[in-house]
Amino acid sequence: MTNHWIDIRNADCIMIIGSNAAENHPISFKWVTRAMERGARLIHVDPRFTRTSSKADIYAPLRSGTDIAFIGGMINYILNDMEQNPENYNMEYIKQYTNAAFVVNRGFTFKDGLFGEVSDGKYTATAKETWKYADTETPATDPSLTDPNCAFQLLKKHYSRYDLDTVCNITGTPKDVYLDVCRTFCATGQKGKAGTIMYAMGTTQHTYGTQNVRAYAILQLLLGNMGVAGGGINALRGTSNVQGSTDMCLLSHILPGYLAVPQEADADLETYLKRVCPSTITPKGLTGDKSANWWSNYKKYTVSLLKAWYGGAATRDNDFCFNYLPKCDPGVNYTHIGMFEAMGQGKIKGLWVWGQNPAAGGPNSNGEREALGNLDWLVVTDIWMNETSEFWKRPGVNPPEINTEVFVLPAACSYEKEGSISNSGRWAQWRYKAVEPPGEGMPDLEIMNLIMLKLKELYQADSSAPQAEAITSLDWNYGVHITADAVAREINGYDLTTGELAESFAKLNDDGTTSSGNWLYCNMYTEADGNKAKKRNNVDSHPNRIGLYSDWAWCWPLNRRIIYNRASVDLDGVPWDKEHPVILNYNTAAKWQGDVPDGGWPPINQAKDSEKYLPFIMKPEGVARLWGYERVDGPLPEVYEPWESPLDKNLMSGTRNDPCAFIGKYRNERGTSDQFPHVGTTYRCTEHWQTGIMTRSLPWLVELMPEMYVEMDEELADEKGIKSGDSVIVSNARGEIKAVAVVTQRFQPMKVGGKTIHHIGILNHWGYSGMTRGDSGNILTPHVGDANTTIPEYKTFLCNVRSAK
Amino acid sequence: MSKAVLYDATKCIGCRACQIACKQWNDLPAEMTTNGGTYENPPKLSAYTFTKIRFNEVDDGNGKLRFVFTKLQCMHCEHPACVAACPVGALQKTPNGPVTYDDNKCFGCRYCMVACPFGIPSFEWDKPLPWIRKCTFCADRQGGGLEPACVTTCPTGALKFGEREELLIEARERITASPGKYINHIYGENEAGGTSCLYLSPVPFEKLGLPNLSSEPVTVNVERAMGAVPPVLLGVAAAMSGVYWLVKRRDRMGCEKVNEKEEVSK
Amino acid sequence: MPKKRSLPVGTAILSVLVIAGLAVMIIRYLNGLGAISNLSDGRAWGLWISFDLYCGVALAAGGFTLAGAVYIFNLKKYHPVVRPAVLTAFLGYTLVILALLVDLGQPWYIWHAIIYWNIHSPLFEVAVCVMTYTAVLALEFSPAVFEGLSKSNLPVLRRINWHVPWRVIRAIQIPLVIAGVVLSTLHQSSLGSMLLMMPETLHALWYTPILPILFLASAVAVGPAMVIFESTLSTRAFGHKLDLDVLSGLARAIPYILGLYLLLKVIDLMAVGEIGLIFLAYPQNLLWWGEIIVGVIIPIILFSMPGVRQNRSAVFWSSVLVIIGLVLNRFNVSMLALEMRPGTIYFPHWMEFAISVGLVADALLVIWLAHRLLPIVSHEELSPDIA
């Protein structure tokens, strides 16, 4: 989240899209309810009418996979309305804090759904050049926003195609409802009004999921909603510590602190930094003239990370052990789907699964389960036996034919171990151990520690093994009894000259005198305040009590609760919203009060020339990007159909699918709308968790939701002779599943592209393990992923349904 | 003073944390259930489920679909039928609000179950030593200064605990503050003579599955009938004694006359 | 010695039914009420309450009506039927208590009603009155027992002077009978008061504040009918023929009581403007008409006819109609017209029938035994059995 949970109560309008917050983040609804008690309006955009929709002032039905059309239409609405009623919008914000005014390369083209030439599933380097600013170092800007090549005008031209009829024909939303949404949400474009977007997997789990989020960014920037209280783009993270795990960068393309993973061609640290560290871009013609380009500190964070890992062994002479880091092949996709594709091809010998259940949670379950059979060995660390650890004896297979050796390491659940959990709002809250884990269960931390100590031992004994030094040189000094506290301090980092804990990432150096396991978390654990994740002071000390609770736990970066908050004040440092300022009083107090400012510099108009710092410090140009040229599939979100779509054609252009989507090949059959006319979408219910391993063995939860079910509308059910409660089979090109049918008025057929389409809602909590069992919804999902991140397209595919009788 | 709970259906998201909290606090086992084509489970309250959420898909009268939830549990009435019904006084309305059940007295006649206009008390049909079971209003938690488990856990504040009079005032304020949002009625204010569980709803209360009850306590006629017992007892005893005495006297008179006749005829 | 016809086949069947009932009782104590019944939270009271409790108590009304008629109103004509009536009543109440031992959740705590009093509860009143009245009936019947014991073949028993307790009971006969009438008035009506607690679920055709009075009236009407019924069957079973005069005398009283009962019911419905329901409230109105036609109107007509009253068979069958009407009424108010919780269905489990049938069989066996061993019908009252 750019903001945080409590801040939702400050919103004047909340749009929940790609999320079913009331069901899947019920506690969040405390804050939504508070906002509504203050008069905020709630909009829910979703293919289904859910418990969230039940509370919404406006429920807008949306065909699964058409978010870009929906938001694009809203962008069009704003851009048109801005012409008539500029006073309804914060034009100063748009001109000064975004790249709206920036002049783009005049070679930019957009034709028939493509932003240039595509070759082999990628835009060519030449095409990508045309997406950049005309001047990539000191871009010219047109504050009048009239230059036909400025980002604003290109945006306008692009989204002028997203008129009401076209959009509603694609999304299936009734026009009057759609206009209601536009009017209501876009009213937050006024100075002093804030709208927030709460989103989750419904947004991200598409082949263009990243562009979905980009669309929200454009919308929120046009409305001046970034950096302000009650605004922001707020991802509702899917599990209690996925934020922590992404911050620690347990992902294939990043190192802790969102540092890029080195590639094959990064022969040394310098080469690496040259590739990844962005050069500062200084815009010409805006009032702000200095970009902090915070990522220019890349080297400091990288070196500090290497010092944390390799300690004394990392010196200037050996590039701080940079070459010990594994390097990726640029052509290879190491993500979940990519990994399972490789596994399917027999390229992976062993897999270690920690607290995850790919056999039920990964897309295309039949394919992924088969792929697991190609492994020589599999280790599963979990608190229960699950579909992954039991894949070799799943229904329909003959165990003796599977040659994978499976090891199970019992783990500890969250109450049985100590450590921090980082919530969606980036708050790291320390948790304590309440009970001992049962049996031989051990916290992941201890398991990892013992494994590492053993690996060190083995590698020490055999120094000829490849990359031995990468292991033996590691500064792994926790001893046999590792503590979360020791690791937390390591993550924070040290001033190596004094041996004291590092105060903040602003004090990290690139010369090896500091260490930090994750620069973002530097400042969490200091000499002065100790482990700030343990703080529990529930006083809202902000002058306007906007709910920051800055003394409760600690958030990154530097306990800044609302990031980009310098965009919440005007060029003179006066908050746009007098009642809910985030930072304030610079002029009276000679420093910012309220939240930790996103850079403590004076307001732009008061700063000296060349020191007028722009607010969006993580961007090389210091302003937020309406125009986002660094995504692989285009600088602007554009409507594409999902990989399996009920429509034969993209109603917006001649390009049917996102040209850069990752399409898996392993057992990834593709269906057509003739065989499988209905739109399937997978999701979760309140009562169960992820693949259900934790909840399908808890009697109270099983009592609430005892069986695998699917949801459908009454018309479709009537057609198929299905009554609510009947057993049905949902099938598609990749498999079939059996479930109980919940026939409901909350699903409605939609008129899309001249066709009537039906959604079939499929829960993904079930599998063949656990106390109660059922078929996994993911048997139906495709092995295809987002163009930028390869997140699987769980949310929209084709299927058919029939009675099981 | 009498405590109450206000349930605001416009804030309830049907998450059922309350159902789980109640199970956890009262150490109740889970029931075996199946999916009958709805989210709702268990299908009814029982000796093992003291509270549950009902899922209502409702037409709001303008063709718009509403998805509204009802929390069902003992209403802790002001004039409880179960309290009047129980022959041994196992059920009592306490001054703090909860209608409590004392299994030291109960012998399982189940009159309370038949009497309750809300159909609440449940019975342990599967146990050889069965008791009546129902929501306790967490009287034990209240005794410790805590709020009921369901109220404490509710994430949105759809449940609010407090003094009955204050909650009624707040409920009225909520209705007035948002015209058109609520049905202009606080269910439980007067139903069955008033209950400790108050409801606000955006749709007619029948759509929530709450029974349409008069504001007269169901105990009214019973009280009249029981009030007649002492006079009836005395009256019948007196009447019967009187008749007996009169009849006896008439017979004796009759016998004397016969004797007289016999003597005269002798 | 009067001819005592025994029924070996009959007693065998009855014994089997009793044993079956006992077996079901054991299952109930081991596995709970759900194991032997189709009762549920939505229908907590079923066959046992409707039949064994409600019908059982009403059909035992012969005890207090006849005892009152004979000993208070001094209608000596009916003396021959007092003992059988009291025996029937005593057995009826005993059966009620035995049925409760099955139906109550924890019947071993039934004595709680003696120490924990809720004077607001009509069921408390019923409980106390039933317990007391059963004792009264036992005492009222005890002279027959003492007489039988004094004529016993066992020397051990013969040696005891049974005359002493016999005289004690005779001495307090009148207070006992008055107590019997008072207690019966209270609990027969309170069984109706119990139903006053359900204004929302008992159908408007039956729910009325005067329900207790209606209950009492119908009990008083069915008392004589039951006496006619029981003594006619006794005659067939044991050969004790009853004077027709007694039977027709009893039959004479019934139409007046039923007439008053009908009047009260109709005026009550008219007074609250609900008389139209007897035509409009389908299907409950069918139940109403059933109990009124079968159990009230037809018997009134029949019993008003002297030809019926003087015919043993006609009197018997007319009484059967009154009894059927009463049973239907008690089933209506306690089950058929009493709404269940939504979504409930109920039909008694065969084991529920087994209990009720077993208890009735129990009673019949006891009656048979009593007639064999005790002077139920005094010698003086016997009419010669004209061969």
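Q: Which residues does A:Asn492 touch, not counting residues up to four places away in sequence?
A: This is a predicted model. In it, A:Asn492 has its place in helix H19 (residues 484–492) of chain A. Residues up to four places away in sequence are not counted, and the residues it touches are A:Leu501, A:Ala502, A:Ser515, A:Ser516, A:Tyr521, A:Cys522, A:Asn523, A:Met524 and A:Tyr525.

Q: Is A:Asn492 buried or exposed?
A: A residue counts as buried under 20% relative accessible area. The value for A:Asn492 is 0%, so A:Asn492 is buried.

Q: Which backbone nitrogen does the side chain of A:Asn492 reach?
A: A:Asn523 is among the residues that A:Asn492 touches. At 2.6 Å, the side chain of A:Asn492 reaches the backbone nitrogen of A:Asn523.

Q: How many disulfides does a search of the whole structure find?
A: A disulfide needs two cysteine sulfur atoms within 2.5 Å. The sulfur of A:Cys685 has its closest cysteine sulfur in B:Cys15, 12 Å away, which is too far for a bond. For B:Cys116 the closest cysteine sulfur is in B:Cys77, at 6.2 Å, also too far for a bond. Over all chains, the number of disulfides found is zero.

Q: Which elements do the buried residues of H2(A) pack against?
A: Helix H2 covers residues 28–37 of chain A, and its buried residues are A:Ser28, A:Phe29, A:Trp31, A:Val32, A:Thr33 and A:Ala35. They pack against strand E1 (13–17), helix H1 (21–24), strand E2 (41–46) and strand E6 (195–199) of chain A.

Key:
Residues are numbered from 1 along each chain as its sequence is written. Chains are lettered from A and ligands numbered from 1 in the order in which they are written. This is a predicted model: local features need pLDDT of at least 70, side-chain atom pairs count only at pLDDT 80 or more; totals for chains, interfaces and linings use all residues. Side-chain values use heavy atoms; hydrogens and water are left out. Buried means under 20% relative accessible area, exposed over 50%, partly exposed in between (1.4 Å probe, protein chains only). Helices (H or I, at least four residues) and strands (E, at least two) are DSSP runs, numbered from the N terminus. Contact means heavy atoms within 4.5 Å. A polar contact is a pair of N or O atoms within 3.5 Å; within protein, one must be able to donate a hydrogen and the other to accept it, and residues adjacent in sequence count only if both atoms are side-chain atoms.
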